[in-house]
Structure formats: structure tokens, C-alpha cells
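Please keep the structure in view while reading.

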Amino acid sequence: MVWAAGVARAARRIATAAALGGGGLTALGATAYGLLIAEGLLARKVIGQPHGLDGPVSDGTYGDFPGVPLNLAMLGDSTSMGLGVSAPSHTPGVLLANGLAAVAERPVRLLVAGKSGTPSAELGEQVDAALAMGPDVAVIFVGANDIITQTPPAVAVRHLTKAVRRLRDAGAEVVVGTCPDLGTVRPIAQPLRWVTRRWSRQLAAAQTVAVVDAGGRTVAFADVLGPEFATNPTEMFGPDRFHPSDRGYAQAAYAVLPSVCAALGLWPEPRPARGEALQPIYLAAATAAEEPGAEVTATRVDGRATGLHGKWVTLLRRRLGEPLNDG
């Protein structure tokens, strides 16, 4: 609880700085930045290069169903593309498209606009591409490169907010997979691993605050989606030991799929369990940053969207590996 309270305070500071247009001080400081640079260079040597800089081409229409296709856009960094997977069918976009088609019983047209190395500041062109297709829903995986490029969190959050608002203004539902916990990446040594874990979770919490306020919903990637990544790194990470493996990408897609279906009204929102349901936005954001698969979405209490401690939201802890569950 103490850790969550600290993350909540950091999320509030970052979100406030983003709203006011300032860069905001990072939670790490200059000394930690120097450490991040030095250790990061060593980690890059150990990690090496992934299989190319582009994921497999997976744009197309999926699902053998009649009717007008739903339009799904994937935006963000290399994880949105499925960098390192063995085949296009294993990319998160294709997995989501096939899953969405099965639930909607309609074909799904997929556009992958994501690009390897993308920080939040470079989402603009991807949003342009997505809007050109008229998306029904956009899924964004972003945040890791904001950590790697040492982007001030408030700056990263401000750009993400702009992207979400543009998509929502165009009528698209938006689901954001928040910044993963880079502290789980094995080639990154201590103390950098602790530093990146702290910063990753603070950024994820701030992303949640901003995305929900802009009308989207978030799914926490937290420790890269679960303890399996820590206990089975050879299976869940790809050959570069940085990007997920086919199985790891599948875990990410299955965590996001229920939120995509719920956002489109295709699947009933699950009944909140004990310890879930209504929470103030900052507390829910901090809690979600700690729990892989947790979803945060806006709600109302007695017809009101906000309370004394900010916007009201619903926190749902979805069980990984069970993508469709009506509670």
C-alpha cells in the first residue's frame, strides 16, 4: 500500500505537469539518468539486435464471417507490430483481429500503423494513418521507448493524451496497453533494473490517468504480463531477451482482447469482484500499475463522473489466459 501511494502521488504530479504543459521533473533525477545511460549501453550490448526492425506484414481482413468489417488499428512501438514473432499469425494485431471477429461474428480489417522504436511523441503520424481507415477501435502499445529515450514523463503523457483525444474525437474506441515494467528484462542489471521498474510503473500510472481522462481505457502490462515472464524467461521472451516470444505476445493480446470487446459493446463488462469496483483515479492507476492485466475505465457514482479525489473509475482484475469472461 505504501508503494501504491507513492506511485499515485507520482502519477498525480506527472499528470498535472502534462496538463499544464510543462516537462515535469522525472522521478529519477540526474544521477539516476547517468546510471540509466551507462547501464543501458551495457544492456544493449548484451541484448544485441532483434530479428530486423520491422514485424511481419499482417495488415488484412480476418474472420470468415459475413457483414461489414470492423476496423481495428494497432499503434505504438515494436510490441504493437509483434517484432520478433515467427509468423504474422502470431502478432498481437492478428490475434486480436481473429478474437474480435469471433466475438462480433463479423470480419475485422486490421491496420498495423505501429513502428519499432516509437516513443509517445511520434504517435501523431500513426494516428493520421489510423484515422484514414476510419477505425472502430484503436489499440496502442507505448511507453517502453519513453523510458529508453529518457523522455520526461509529463511530455510522454501529453503526447499520448493528444493521440487518444484525436482518436476519440473521430469516434474510435481506444484501449492502451500501458508501459511494461522494464525491470523484468534480464540483460538489464541492478541497480538499473530497480530504477527502470520504478520509472516504468510511475509512467504506467500516469498514462492510465491521462488515457481515462481522454475517454479511453487502459490495460496494465505491469511486469510484462505476469510472473511467467520471470519464471519462464526463455519461453516468454524472444531471442533478443527483450521483446516477447510468440507465447509472450499471445499473453499480451489475450489480456487486451476483453477490453477491446467491452469497449465496442460486444461483451458485457465483468462483474467487479471483491476489492475491485469503484476507486478514485489516482489510486486505481497506481494499483493497476502493479497488477498485470488490470483494466481501468471511467464510470459514474450517483450520476457524477468525479468525486473529492478526482475522476471515478472501475478497476477490474482480469485473469490472464482467460480472455473472455463475463464474471
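In the protein, 81% of the contacts with a separation of 6 or more join residues 24 or more positions apart. Contact here means heavy atoms within 4.5 Å.

The model is predicted: local features need pLDDT of at least 70, side-chain atom pairs count only at pLDDT 80 or more, and totals for chains, interfaces and linings use all residues. Residues are numbered from 1 along each chain as its sequence is written, and side-chain values use heavy atoms, with hydrogens and water left out.

Confidence comes next. pLDDT is the predictor's confidence in each residue, from 0 to 100. Its mean for the protein is 76, and 64% of the residues reach 70 or more.

| Stretch | pLDDT | Contacts beyond near neighbours in sequence |
|---|---|---|
| Residues 24–28 | below 50 | eleven |
| Residues 233–241 | below 50 | 27 |

The protein has twelve helices and ten strands. These are DSSP runs, numbered from the N terminus: helices are H or I, at least four residues, and strands are E, at least two. Of the 327 residues, 54% are buried. Buried means under 20% relative accessible area, exposed over 50%, and partly exposed in between (1.4 Å probe, protein chains only).

Where does Ser-58 lie? Its place is the loop between α2 (29–47) and β1 (60–62). Ser-58 counts as buried because its relative accessibility is 4%. Leaving out residues up to four places away in sequence, Ser-58 touches Pro-88, Thr-91, Val-94, Leu-110 and Val-112.
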